[in-house]
Amino acid sequence: MTLAGRAAIRERPLAAFHRSLQERAQRKRVPVYAFVELTYGCNLRCVHCYNPTHKARGEMTTAQVRSILDGLHGEGTAFVAFTGGELFTRRDWPEVLAHAKRLGMQITVSTNATRIMREVAERLARVNPLHVKVSLYGATRETYERVTGVRGSFRRFLAGVTRLRRRGVRVLLTSVILRENAHEIDAMRSLCARMGLPFQYSADIHPRVDGDRSPLRHRIDEATAHRIWRDCVAAPALRRGAFPLDPSGAPPTAPEDAPAGPDPCGGTAPAGPFACQCGRSRIVVTPYGKANLCLSVYAPGYDLLAGSVAEGWKALVSYVDHTPATDAHECPACPVSRFCERTSGASFLEMGDVNACVPNHKALATLRQAWHRDAWDRPGRDPRGGGRQGKDPA
Ligand code: SF4
Ligand code: SF4
């Protein structure tokens with residue numbers, strides 16, 4: 001029986017299942033989760049995009065993708081997330097997804113939904129992915145299209161999501177929060193609610209993978225990011241008693257109704273520059289057939305088309321195991337580490353060093369810690385950390 005199978009036979013809530021699977025995969029060094037970037041081609045031109053080209057040139061053929069999926073299957077991959085670019089710009093997507101399905105992999109798909117026509121929705125429904133993750137760039141046409149740079153894209157996005165939902169495909173909307181749309185966060189929450197979908201968001205903006213830092217111009221400032229976390233995540237968690245009192249407990253990072261799933265950047269990895277699942281239970285494949293640690297860490301770039309997935313995975317494991325913590329790695333002694341969501345990818349892309357602290361993350365962690373202290377210094381706090389929770393400060 002596979003690693004995934006053994007964990008799956010126990011009935012557990014989904015989050016606990018993924019946590020358990022991730023821990024076991026990490027111990028045995030099995031790439032149980034794979035991200036396959038099928039193409040960098042995309043029909044949109046989002047201002048913050050980390051995609052270096054938006055054009056599909058020199059990318060893997062169908063046969064090459066199939067062969068890499070076979071190799072991943074051989075190494076124990078059980079969950080594959082197909083992403084882009086915009087993967088529905090690739091004509092062979094039905095064949096690729098069907099192949100993964102035949103191998104017994106659980107599939108998730110990321111898309112901007114603007115190319116989900118009736119036939120695409122029907123074929124996707126037949127594939128029955130675990131979910132289809134759709135990015136939400138604004139609650140109004142004006143704002144959405146200011147981000148995507150393409151007229152008509154908001155209407156096509158709404159139509160695409162509707163087509164998927166009508167066919168029973170599980171859709172998750174992730175609001176991508178930028179300077180251009182932060183004023184619409186409440187409207188985006190309402191839009192999710194009107195569609196009957198849970199609200200979740202991401203304000204994580206990185207430089208492009210080719211080093212271009214222009215996406216950072218669109219990142220919201222730390223005070224705004226903090227306010228959103230406070231209002232959408234922390235204060236509701238505090239009110240319902242779900243904010244950990246134990247200083248070693250991790251504060252919540254997602255809204256209450258955000259669906260459970262694998263936590264690719266978190267988990268319980270050993271301390272060090274890669275305190276995440278890169279090269280432990282997770283592998284990324286680029287549209288050119290290169291194996292990397294994550295979508296942001298463009299290394300080691302092992303060429304799967306010239307070698308094998310088994311060798312590529314070994315290269316990733318070795319990269320993680322032999323990248324030492326240097327003097328730049330301040331995290332173990334950092335007073336705000338509990339509130340920090342740094343990833344090695346952010347350090348790599350923004351600071352050029354997987355060990356380095358990212359100032360944006362530090363500023364945000366400091367604000368979160370101060371807010372939490374304030375919440376607990378208010379009357380009503382139970383200093384023993386018992387049943388009663390603090391009141392959230394305004
Ligand atoms: S939809 Fe995605 S890949 Fe396409 S431009 Fe926007 S962020 Fe980039
Ligand atoms: S604030 Fe900097 S030093 Fe502290 S945990 Fe985050 S990345 Fe590490």
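**View 1. R126 in helix α5.** R126 sits in helix α5 (residues 118-127) of this predicted model. Helices here are DSSP runs of H or I with at least four residues, strands are runs of E with at least two, and both are numbered from the N terminus. R126 counts as partly exposed because 13 other C-beta atoms lie within 10 Å. The scale runs from buried (20 or more other C-beta atoms within 10 Å) through partly exposed to exposed (12 or fewer), with C-beta atoms placed from the backbone. P94 is 32 residues from R126 in sequence and 9.9 Å away, C-alpha to C-alpha.

Numbering starts from 1 along each chain as its sequence is written, while chains are lettered from A and ligands numbered from 1 in written order. As the model is predicted, local features need pLDDT of at least 70 and side-chain atom pairs count only at pLDDT 80 or more, while totals for chains, interfaces and linings use all residues.

**View 2. The largest nonpolar core.** This core has 100 residues. Helix α9 (residues 222-239) gives the largest share, 7 residues. A nonpolar core is a set of buried Ala, Val, Leu, Ile, Met, Phe, Trp, Tyr and Cys residues joined through C-beta atoms within 7 Å. Residues with the most contacts inside the core include A34, F82 and L316. Apart from neighbours within four places in sequence, A34 is in contact with L72, T77, V80, I283 and V285. Contact requires C-beta atoms, placed from the backbone, within 7 Å.

**View 3. The crossing of α3 and α10.** The axes of helix α3 (residues 62-75) and helix α10 (residues 309-321) come within 8 Å and cross at roughly 60 degrees. From α3, the contact uses I68, G71, L72, G74 and E75; from α10, V309, A310 and W313. By class, these are 5 nonpolar, 2 polar and 1 charged residues. Nonpolar covers Ala, Val, Leu, Ile, Met, Phe, Trp, Tyr, Cys and Pro; charged covers Asp, Glu, Lys and Arg; the others, Gly among them, are polar. Axes are lines fitted to C-alpha atoms, for helices over the stretch in contact, with angles from 0 to 180 degrees between N-to-C directions.

View 4. Helix α7 (residues 153-166) has 14 residues, which should span 20 Å at 1.5 Å a residue; its end C-alpha atoms are 20 Å apart, in agreement. The expected span is 1.5 Å times one less than the number of residues. Among the buried residues of α7 are F154, F157 and L164. The buried residues of α7 pack against α5, β4 (131-136), α6 (141-148), β5 (171-176) and α8 (185-195). G168 follows α7 and has a positive phi, near 80 degrees.

**View 5. The shell around ligand 1.** C42, L44, R45, C46, C49, N51, G84, G85, E86 and N112 surround ligand 1. Each has its C-beta atom, placed from the backbone, within 6 Å of the ligand. The shell holds 4 nonpolar, 4 polar and 2 charged residues. G84 and G85 are joined by a cis peptide bond, with omega about 15 degrees. G85 belongs to the loop between β2 (79-83) and α4 (93-102).

**View 6. The shell around ligand 2.** Residues around ligand 2 include C331, C334, C340, C357 and H361. This shell divides into 7 nonpolar, 2 polar and 3 charged residues.

**View 7. A113 with positive phi.** A113 is not a glycine, yet its phi is positive, near 70 degrees. A113 lies in the loop between β3 (106-111) and α5. With 27 other C-beta atoms within 10 Å, A113 is buried.

Note on methods. Two residues are in contact if their C-beta atoms, placed from the backbone, lie within 7 Å.
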